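Open the model in your viewer and keep a selection panel at hand. The stops below go from a single side chain out to the domains.

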Amino acid sequence: MHHFEFKNNKLFAENVNISELAKEYGTPLYVYSAATFRRHFEAFDSAFNGLNHLTCYSVKANSNLSVLKLLAEMGAGMDIVSGGELYRALKAGVPANRIVYSGVGKKAYEIAEALKADILMFNVESVAELHRINEVATSMNKTARVSFRINPDVDPQTHPYISTGMKKNKFGLDMDTALTAYKTAKELSNIEPIGMDCHIGSQLTSIDPFLEALSKLLAFKEKLSSMNIEIEHLDLGGGLGITYDDEQPPHPKEFGEALTKALEGQKLKVILEPGRVIAGNAGILVTEVIYTKSTPTKNFLIVDAGMNDLIRPSLYQSFHNISEVVKNERPKVEVDVVGPICESGDFIARDRELPEVKQGELLAVYSAGAYGFTMSSNYNSRLRAAEVIVDGDDIIVARRRETYEDLLNLES
Ligand SMILES: *Cc1c(COP(=O)(O)O)cnc(C)c1O
């Protein structure tokens, strides 16, 4: 059951006609489907029912407050990477004991905020950070629960920018350093080591790298045991991929079954941090063709969504499916779909076959629900897009379009 579907050649999000949404709220416009968010979360979370587990949605994938509320209502925990994300998660009503905090550069004030809220645990990424957390916790007379993010040196076979668990990456601690770090943690006054963590990358389309990382972590746990360090939490991060083009990532069920099997006999509380797999295909970006333009070698569709709205094609050469919002029968042409920004890297798609589209017509850019709006900016002083959530017949303005006043609000 898909929630972005054509009915009589018109694209709908659930029961709402996209053309009408665009007329009402303008373009570029992010449109999310509440039912899709719920279905994805439920499919993922229930895949781990065989394990004592907690699904902590990765806030950075799509951090809109209304999206977080929707997931919090379903019992989601959250994986945060900044004080700002902590603020959002708490505002969305996520219980602090379902929040885990990852990231290589946590500042003292952010650590203090997380301790004040009493989150479940910090995923610590360096020895320096461990000492910083201990200092802050000591000054607040609190105990910080921590996991170390372990770098298992596994190649996730994905884009280099989103590979995070290899030796050359900035993330986590190699196993030898981690072993010493656990010893140190045990001796520090205001630190309680309770878990192990890893996150090897994003947009993984095979289960094998996860299983490889898991087996290394379980071996590491034995070493910890022999040092009388018993941990009860195992955070396996996020990273399960989605279909943008023709990728065939494992279904969450398959992923859940594989992990459940690999963890048989372990008494661990498993934490998962899915982002993209929950949000990616729950959103589209609707954009209007401002002009069409042909040069001797190319046909361009110049649209009103640029790399400031959706940076993934520019940053990762990533593929997003594109279709007309109102299906037409015109012959296909090869086009570059480009934005209005003054950079040649500003494109949504290159050399794409699309039925001829005319000035003023709308396009839908699919799989834009994750790392879409959250990576947007005001580059070229462009106003950030509005975000709407469709829930059956209902429309929630999850974020209004920015105004020129918003643009200058913080400047003098
Ligand atoms: C980004 C991130 C995630 C989510 O990754 P997805 O590929 O979107 O599932 C989970 N954990 C950490 C630590 C991350 O940085």
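Predicted model: local features only at pLDDT ≥ 70, side-chain atom pairs only at ≥ 80, totals over all residues.

**Stop 1: Leu71**

With neighbours within four places in sequence set aside, Leu71 is in contact with Phe37, Phe41, Tyr57, Ala76, Met78 and Ile278.

**Stop 2: the largest nonpolar core**

Next, widen the view to the largest nonpolar core, which has 100 residues. Leu71, Met78, Phe122 and Val337 are the members that touch the most others. Now colour helix α8 (residues 208-226), which supplies seven residues, the largest share of this core. Where does the core lie relative to the two domains? Because domain 1 and domain 2 both give residues to it, the core lies between them.

**Stop 3: a second core**

Select Phe4, Leu11, Leu29 and Val388.

**Stop 4**

Colour the chain by its domain assignment: 4-32 + 280-408 for domain 1, and 103-272 for domain 2. The C-alpha centres of the two domains are 36 Å apart.

**Stop 5: the interface**

Show the residues that meet across the domains: ten from domain 1 are in contact with seven from domain 2. Between them the domains bury about 790 Å², with 55% of that area on carbon and sulfur atoms. How many salt bridges cross the interface of domain 1 and domain 2? The rule finds zero. Polar contact between domain 1 and domain 2 comes to one residue pair, with both residues at pLDDT 80 or more.

Conventions:
Residues numbered from 1 in each chain as written. Heavy atoms only, no water. Core = buried A, V, L, I, M, F, W, Y, C linked by side-chain atoms within 4.5 Å. Buried < 20%, exposed > 50% of the residue type's maximum accessible area, 1.4 Å probe, protein only. Helix = DSSP H or I, 4+ residues; strand = E, 2+ residues; numbered from the N terminus. Domains from an automatic or database assignment. Contact = heavy atoms within 4.5 Å. Buried area = accessible area lost by both parts, 1.4 Å probe. Salt bridge = Lys/Arg side-chain N within 4 Å of Asp/Glu carboxyl O. Polar contact = N/O pair within 3.5 Å; in protein donor to acceptor, adjacent residues only side chain to side chain.
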